[in-house]
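Q: I would like to learn how to read salt bridges and a helix in a model. Please show me the structure.

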Amino acid sequence: MMWSFTRISVLAACGLMAACSHAPKTITMKTPDGKHEVMAPLPATLFSMARVLEAQGRHDDSEALLRQLVVGHPDYVLAYYELSDILARQHRLDEALLVLQAGLEEAPQDPILLNNAGMCELMRKSYDKAFEYFKKAAAADPADNRYKANQALAMAMRGNLNDARAIYGSFLPPEQADQNMKIIEKTRLSEVSNAKKK
């Protein structure tokens with residue numbers, strides 16, 4: 001696959017093109033006839049290794065391996081999920097968004113990538129951008145109400161309360177939709193109040 005200049009720029013900007021010393025370059029396997037066969041590790045193997053490293057608290061090693069994985073196997077979408085999640089949990093939202101955008105170049109309609117990008121924008125309080133990502137995620141997978149709920153949340157946080165309530169009402173009972181709106185409105189008013197104090 002030929003990479004576009006945009007893709008190379010995005011990967012370089014978030015450090016995805018750095019080499020990782022933790023990933024095995026080859027794996028030697030014994031075949032049934034007793035011979036040894038050398039092969040490159042599969043993306044799923046590298047991904048599993050990264051998750052083990054993350055579970056062991058070796059976050060830097062896991063991150064480095066995932067960065068290598070998305071460069072070497074750009075169509076392996078699970079790596080973008082995991083890497084962006086690690087970065088977002090460390091509040092490195094700009095980097096997480098760059099990773100998700102690189103993933104979206106490979107899988108533009110992937111609802112999880114779209115949703116996670118929306119969550120990053122939501123955490124940055126970029127509610128208009130978050131809404132657009134959630135809207136695309138909901139369109140890509142209409143059966144998953146989580147994307148609709150996130151869409152309603154972003155809409156409410158930018159002040160479109162009636163439209164947000166209508167989205168909640170499309171898949172929740174009225175009392176649950178109203179309860180969600182009360183919680184969001186309380187959060188939104190607190191955020192507006194805090195912004196005025198600054």
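Q: How many salt bridges does the structure hold?

A: A salt bridge is a side-chain nitrogen of Lys or Arg within 4 Å of a carboxyl oxygen of Asp or Glu. The structure holds 14 of them. This is a predicted model, where local features need pLDDT of at least 70, side-chain atom pairs count only at pLDDT 80 or more, and totals for chains, interfaces and linings use all residues. Residues are numbered from 1 along each chain as its sequence is written, and side-chain values use heavy atoms, with hydrogens and water left out.

Q: Which residue forms a salt bridge with Glu-63?

A: Arg-67 does, with the closest N and O atoms 2.8 Å apart.

Q: Are Glu-63 and Arg-67 buried or exposed?

A: Buried means under 20% relative accessible area, exposed over 50%, and partly exposed in between (1.4 Å probe, protein chains only). Both Glu-63 and Arg-67 are buried.

Q: What does Glu-121 pair with?

A: Glu-121 forms a salt bridge with Arg-124, the closest N and O atoms being 3.3 Å apart. Glu-121 counts as buried at 4% relative accessibility, whereas Arg-124 is partly exposed at 33%.

Q: Which other residues of α6 are buried?

A: Among them are Pro-111, Leu-113, Leu-114 and Cys-120.

How values were computed:
Helix = DSSP H or I, 4+ residues; strand = E, 2+ residues; numbered from the N terminus.
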